[in-house]
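Visitor: Could you take me on a close look at the place where the two chains meet? I'm new to this, so please go step by step.

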There are 2 protein chains.
Amino acid sequence: MDNENIQEFSVEELLAKMDESDFDDIFEELFEKITILLEGKKYKQIREIMLHMNAADIAELMEEVIDELDMEKAILIFRMLPKDVSVDVFAYMPIDDQVGIISEISQMEVNYIMDELAFDDMIDVLEELPANLVDKILEKTPKNERKLINTFLNYPDYCAGTLMTPDYISLRKEMTVREALDYIKKEGMDSETIYTCYVKEMGRKLIGIVSLRTLVISDDNLQISDIMEEDFVSVNVYDDQEEVSDAFKKYNFLAIPVVDKEDRLVGIITVDDIIDVIEDENTEDFERMAGIMDSSDTEYLDMGVLNHAKNRLPWLVFLTVMGWGTSIILAHFEDMLSAAIMLVSYLPLLMGTGGNTGSQAATLIIRGMAVGDMEPSDAFKVIWKELRIAVCVGAILSLLNFLRIVYLDGETMVVGLTFAVSMLMVVVFAKIIGAVLPMAAKKVGLDPALMAAPMISSLTDMVSATTYCLLASLILGL
Amino acid sequence: MDNENIQEFSVEELLAKMDESDFDDIFEELFEKITILLEGKKYKQIREIMLHMNAADIAELMEEVIDELDMEKAILIFRMLPKDVSVDVFAYMPIDDQVGIISEISQMEVNYIMDELAFDDMIDVLEELPANLVDKILEKTPKNERKLINTFLNYPDYCAGTLMTPDYISLRKEMTVREALDYIKKEGMDSETIYTCYVKEMGRKLIGIVSLRTLVISDDNLQISDIMEEDFVSVNVYDDQEEVSDAFKKYNFLAIPVVDKEDRLVGIITVDDIIDVIEDENTEDFERMAGIMDSSDTEYLDMGVLNHAKNRLPWLVFLTVMGWGTSIILAHFEDMLSAAIMLVSYLPLLMGTGGNTGSQAATLIIRGMAVGDMEPSDAFKVIWKELRIAVCVGAILSLLNFLRIVYLDGETMVVGLTFAVSMLMVVVFAKIIGAVLPMAAKKVGLDPALMAAPMISSLTDMVSATTYCLLASLILGL
């Protein structure tokens, strides 16, 4: 049967198709054909196809092989790749799969990969490997590099130190442009980037930066000290990764220097790593705003059911306990509610609208602070704006519901009015609390993203219950 | 009084402080002192301070001047800047403020800025200017550039064409490395980037790319055709900006070539513009997930109350109408509810928990699809996982509430059981619907972010009401 399947397509046709199409468009077909070739043990053809792809695409295909087939087959493919390509492919894979591969291949292969990997990528892998594997790898490393690796491994999570690489071009200020370019020609191969070069004086203190662009367009005989930028922005090795990504967003850098507290250059961070940080920080915000704890680096499908449950339960339990508050309030008004039971059927709408309007405000404020459009110091402007928006939005929703209660449901004007006034009050409360809580959280150093939909909804539930029941008692005289 | 205030600080001290501190840390102090200097008309000192700052920081300060003082004062500062700096500062400002400045300065100043601005930045400004101002600017532009500008202005919003710039380095494949470097030295000044160069054949067809890194480390006498990368990734000029940013995320590019349907090179997109796109796409998702329409480029504080209301009302009205469904269900069970009124007090908790658990699932699935961790084709795996998570989470929440209802509230076991079983069923429903809806939306070409908390909550409200009331009727025999 395998042979039959293989007859159905020629590798040449597939290669021609790959040249013409976007990789994403033929991904499923490609994966299917690789599966057939794997089953038929047609390794030569697989290798031919792989040599036709770039490293990032091969990595994506291997991920799919690991997820849909098994690690063994992925390693089969991995070993078919030319050695230098295999390292590039490895660098593009997600950390879980990298660790999976490392655990399955020979020590010699591991050492080769670790040797060839960019320094910051190697540190990322080492951080996730079990201790015994790390020890084995470090055994083979020269002593001074081992020391450097250990320093990097010891930086706290999510700080600039964990993002940086020590492989940068460093120049001296006495060099001429020609000398600098010759030096880069010799050393540039192993650097993470050569597009920004760093000028250090004795004691490793960073005194200037110079871009390759400036070097290339400057006269050969100029000195580095004449063309270097002395007024540069740097980050501290212990700065949070969010501060680092903010600097990239603001200044449009390709790389940023990382210094210790004595202003000595210890590494650089490049923009490609920052794009990942930006997406991770956004993912963290999305998850926190939905009440999910402990945003982890593990992909959704790779995480176990119990871990998923563990990340979701704490907030759910907390919100349940808050929800009991609403129950107590409603229990207090039991007599009134049973005397006018039709009131009950409108209650969820009031609560739902409160939650929705409040979380609209909270989302805009949380996001606005995250991208730097506003600060807690803008609180009064924001509250004043939300108050007016709430009156607009609340008035329209109240009117809509009044008309429906009175004309569609045929309840009395007084019932309609009770609901409409409650709605307006709840919307105003929800919008204000949706603006205030995230700003207050930021002010006291908490993550504003915690004050999102779930929290706001719980609070507006209580306020809705209280407002509605009190107003009903008053207006309807119950 | 002004003079008194000015006596209180020396500009020298401020400059020294600026050298030592992070800009963010002294921002408020700096703004305060600039305000005092503006009041005292001490323009020489302001200029001195500005010359001590980089363009991105000056832009941030000018934004604050526009927001907190007025446009007139901002333009005063703007005119104090050396001409070349003023263009850089202008480029860093948000589009609203750019339009504000353009409308206030002289035609000559406008022409200077437009002339010096990077092409893609100029297009961004022209897109937002009123037509009569655009015409005035285009009048002064040479005919062939005017044609190019008009082509760029006509690309649809949010496509690759609106992000690209035509200012790139293009090489010929017969050039030697030395010739290429000499050419870059001559032409590099006006290019958006020189770090990736593009090799075109007759008819503008793109045949290869070569990085400046490769050029710098290659032998001077090699030909471009020997070292260029022929297997490169490009995007089409009409591709959506999200596809472009996905390519950057996957391949770690610094720039990507943009081609038309005949594979002719029409421009390039650089990574700094992509970081903005990534943040805009995330903002759009955050807003859609909170039920806010028509994500606009205007900052929160700059948008009027009525526009804010207009963006929030459509979903609120839609959700209100969905909420009426829940009312109808509850109205149907009025008799039963009034016979067992204590059931009512537990209802909001059931609905709230349904909404919260459902939107946890929806958020993870929406985000997972956005960052490429999963596809609609993974639906069965995801549903199976959510089902098991729902049973774990639901069981614990049900038990917790059962214990509370029976032991804290002193209700009967049967009431506790009714609630507990409803809770488990609602959680399972919510998690499944939270997983299915976003994937189904993507499958049919809708934005999955529309199927987030508000939508899920509305649906689970209806299911909660139905399940709870039906179970209560059955179990309690009401």
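Guide: Let's start with what "contact" means here: two residues are in contact if their C-beta atoms, placed from the backbone, lie within 7 Å. Keep in mind that this is a predicted model.

With that in hand, look at where chain A and chain B touch. The contact takes in 93 residues of chain A and 94 residues of chain B. On chain A's side, helix 21 (residues 342-370) of chain A gives the largest share, with 18 residues. Sort that side of chain A by class and you get 49 nonpolar, 25 polar and 19 charged residues.

Now, do the copies meet through matching or unlike surfaces? Of the interface residues of chain A, 100% are also interface residues in chain B, so the copies meet through the same surface.

The symmetry comes next. In general, two copies of a chain are related by a rotation about an axis and a shift along it.

Let's step back and see how chain A itself is laid out. Chain A is divided into domain 1 (2-163), domain 2 (170-289) and domain 3 (300-476). The C-alpha centres of domain 1 and domain 2 of chain A lie 29 Å apart. Between these two, eight residues of domain 1 of chain A are in contact with 13 residues of domain 2 of chain A. Helix 13 (residues 160-163) of chain A gives the most to domain 1's side of that contact, namely three residues. By class, that side of domain 1 of chain A has six nonpolar, one polar and one charged residues.

One more stop in chain A is an open sheet of three strands, in the order 1-2-3 with mixed pairing. Strand 1 (170-171) and strand 3 (206-211) of chain A stand at the edges with a single partner strand each, so one side of each has no neighbour in the sheet. Strand 2 (residues 196-200) of chain A pairs with strand 3 of chain A in the antiparallel sense, over five bridges. To see this pairing up close, pick Tyr198(A), whose bridge partner in strand 3 of chain A is Ile209(A).

Terms used
Residues are numbered from 1 along each chain as its sequence is written. Chains are lettered from A and ligands numbered from 1 in the order in which they are written. This is a predicted model: local features need pLDDT of at least 70, side-chain atom pairs count only at pLDDT 80 or more; totals for chains, interfaces and linings use all residues. Helices (H or I, at least four residues) and strands (E, at least two) are DSSP runs, numbered from the N terminus. Ala, Val, Leu, Ile, Met, Phe, Trp, Tyr, Cys and Pro count as nonpolar, Asp, Glu, Lys and Arg as charged, and the others, Gly among them, as polar. Two strands pair if DSSP finds at least two bridges between them. Domain bounds come from an automatic or database domain assignment.
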